[in-house]
Amino acid sequence: MTVPEKPAPLAAVESSRTADSGPQTLTVSVGPQHSGSGHMRLIIELDGDIIVNAAPDPGYVHRGIEKICEVRNIIKSIPVIERPAIIDSSNLNHAYIRAIEELQGVEAPVRSQYLRCLLNEMNRIMSHLYWLSIFGVFLGHTTMFMWPLGDRELFIDLAEKLTGARITHSYIVPGGVRRDLPQGFADEAIKRIAYFEKRLVEYDKIFFNNPIFTSRAKGVGVLPRSEAIAIGATGPTLRGSGVDADLRKDEPYAAYSKLDFGIPTRKEGDSFSRAIIREEEMLESCKLIKQILKDIPAGPIRRKAPIVVPRGEAYSRVESARGECSFYMVGEGGDKPYRVRFITASFRNMSAIPVLLKGGHMADMTTAWWSVDYWPVEAGR
Amino acid sequence: MSAQKTAQDQDDVLAMLADSINVWVGKLSEIVQRIVDVGPIRSVVNWGRIYSLWPVNITTACCSAEFGAASGARHDLERFGVLPLGSLRQSDLLVAEGTITKKMAKRLRMIYDQMAIPRYVIAMGDCAISGGLFHDSYSIVNGAHEFIPVDVYVPGCPPRPEALEQAIIMLQEKIRHSKVYERG
Amino acid sequence: MILSQEREQALIKKLKDRFPSEITEARVVRRSRPEILVKPENLVEVATFLRDELGMDHANGVSGVDYNREARFEIIYHCSSLQNKETRDIVMAIKESIPRNTPKARSLISVWPGVDNFERETFEMFGITFDGHPRMEKLFLTDNWDGPPPLRKEVRFPTD
């Protein structure tokens, strides 16, 4: 391949100019190479210091996963499906397998439902900790970069004991899960969770109650309730704006109907609410893991399920760390699906970013957009 | 004709002067290169380069999660001197983490061109080596070496942070044994 | 857990009573998953009715499917309601079929603003244009692919 030529200059901005942007606006490209952006570009129009318009430019990590799923059989697609939100991979895996099991009419045994919930909650904690560490470094709080990543390793070790892999578990398969709980897992997990809950108190001291953080995050990036609902926001972005929607309670799947937990919600809709909700969700997940390890029944972990996608359609969804991850699958017999439509939480929250950046300061941009936990790889799939 | 001739004469003198200074400076820079690229000075220069490999602030795809974990508390990359700090021009290392789409490839090439010499590239993850899991997809480039020269390949999907640390150590060994003025 | 399909049947009945000729098919696929097949020209009114009268306040997504053997594209809008906790699990699928050689459809962005990026993606992946969408351009594939819309069935993988 020859050296690629330079891309056309910001053609997208010309078409994103609205009636609000007068002749004085300056267009800034917060591009993929930026210490405050992820693998995506935000094309921001500024009037002085105020953001007039912000258009996300995704596609830097678009790998064509929906097409790939049509040419690989369902087991080989599992690693591909996990990769978009690699830090939260088992939730995506779970949604995919639920769609297949609905089409096949197979129900996984009860013990495997508990194990699926266990891995899902561990992934939720791991994902929130990664988000928190990048939030810290975006705000310049380097201690908050190191601490959550270090504590995340506690859970990564547990996941490695359970599934064999650090973050790409490929643990949930049609009919159940791949491996059972190893010896001594429950004691180890409970010790680590007790330590982690004490650590969360220290996070409060240095970060969530830190006056610098609260002044930078309160009132920043406000997403009003009605707009959050209309734009299709999901997950903590929606719960931060006053809607207590969580699929684990609204449409219980796996073993969640038998477990007792709360849904943190806030009314203000600003970056601080979204941040504090994620911390509280981590505490709820710890509670859930302890319950699961106490209540898990004995039994088989996998039922025989064929590697076939029967004729029909299925829509399944799961509450991943960032929100609702849904699959619409069309099968026609054979081992490969006819169509896999994969809508992730970040893809839905991408519409919320322009809404909450508008009218804010450029200096608050990173706080506002990262508090949505928009993961560009997940949006691009 | 005569006016031109006198102009030519003047030009010739200046040009000859410029040429001779050029040759003198050229010979001087050759001499400096020869002195530096030998024993002690080379070791010192390479020592400085090895222990301050600053990567660019660019993430390519999902391997960035393991790069982040590698920079974190347990596998601290900063003890090798690897710190994503400052601008593109001050960086020496480009880590192509994960799958490279065609859209990102153009930007990676621009970034590589803008980095100052010496610059090194680590291709992290199976996707950056050969396309990995997504090798037949319509929107990706099968490997970073298609458009930038790679120094170290790290296999894995994603590679463990320990694998990334080993890659940095290998790169450091490579730099330790290379000439100072080799990179061009 | 509610095991019967009363709520879904009630929703479908309300829709069929209001739009007897515009909705050509309606059924409950499984629990919490009702679906209706609407004629493309009546899509906007049905969607507006769903949003205003039946409380479906947001769209969960837009999917396109290429049924090339039947020479048609199918566009499915999934929508659901956040208002009452008891009906939050219902996801209504609104399907429309458009012919494959004239892929044009009406945009629902005036009904649910959240379908903006989904319709753009369906445009670039299948080539279906949505009339009424303010920015019908590529979303993910700029500089990434310059061939035909990739999710069409005639675009094959080298390993397929």
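## Leu154 of chain A

Apart from its neighbours within four places in sequence, Leu154(A) is in contact with Arg192(A) and Phe196(A). The model is a predicted one. Leu154(A) belongs to helix α6 of chain A.

Is Leu154(A) buried or exposed? A residue is buried if 20 or more other C-beta atoms lie within 10 Å of its own. Leu154(A) has 21 C-beta neighbours inside 10 Å and therefore counts as buried. Pro306(A) lies 152 residues from Leu154(A) along the chain, and the C-alpha atoms of these two residues are separated by 36 Å.

## Packing of helices α6 and α7 in chain A

Two packed helices are described by the angle between their axes and the distance between the axes. In chain A, helix α6 (residues 143–163) and helix α7 (residues 185–208) pack at an angle of about 165°, and their axes are 11 Å apart. Angles over 145 degrees count as roughly antiparallel, so α6(A) is roughly antiparallel to α7(A). The crossing in which α6(A) passes α7(A) is left-handed.

On the side of α6(A), the contact is made by Thr143(A), Met144(A), Trp147(A), Asp151(A), Leu154(A), Leu158(A), Lys161(A) and Leu162(A). From α7(A), the contributing residues are Phe185(A), Glu188(A), Ala189(A), Arg192(A), Phe196(A), Arg199(A), Tyr203(A), Ile206(A) and Phe207(A). By type, the residues of the contact of α6(A) with α7(A) comprise 11 nonpolar, 1 polar and 5 charged.

## The contact between chains A and B

Chain B has 34 residues in contact with 34 residues of chain A. On the side of chain B that touches chain A, at least two residues each come from α3 (64–71), α4 (102–114) and β4 (140–141) of chain B. The most is given by α4(B), with 8 residues. The residues on this side of chain B divide into 18 nonpolar, 9 polar and 7 charged.

## Helix α4 of chain B

How far apart are the end C-alpha atoms of α4(B)? They are 19 Å apart. The expected span of a helix is 1.5 Å times one less than its number of residues. The 13 residues of α4(B) should therefore span 18 Å, which agrees with the separation in the model.

The buried residues of α4(B) are Lys102(B), Lys103(B), Met104(B), Ala105(B), Arg107(B), Leu108(B) and Ile111(B). Within chain B, these buried residues pack against β1 (93–97), β2 (100–101) and β4.

How values were computed. Residues are numbered from 1 along each chain as its sequence is written. Chains are lettered from A and ligands numbered from 1 in the order in which they are written. This is a predicted model: local features need pLDDT of at least 70, side-chain atom pairs count only at pLDDT 80 or more; totals for chains, interfaces and linings use all residues. Axes are lines fitted to C-alpha atoms, for helices over the stretch in contact, and angles run from 0 to 180 degrees between N-to-C directions. Helices (H or I, at least four residues) and strands (E, at least two) are DSSP runs, numbered from the N terminus. Angles under 35 degrees count as roughly parallel, over 145 as roughly antiparallel, 65 to 115 as roughly perpendicular and the rest as oblique. A crossing is left-handed if the near helix is turned anticlockwise from the far one by less than a right angle, and right-handed if clockwise. Two residues are in contact if their C-beta atoms, placed from the backbone, lie within 7 Å. Ala, Val, Leu, Ile, Met, Phe, Trp, Tyr, Cys and Pro count as nonpolar, Asp, Glu, Lys and Arg as charged, and the others, Gly among them, as polar. A residue is buried if 20 or more other C-beta atoms lie within 10 Å of its own, exposed if 12 or fewer, and partly exposed in between; C-beta atoms are placed from the backbone.
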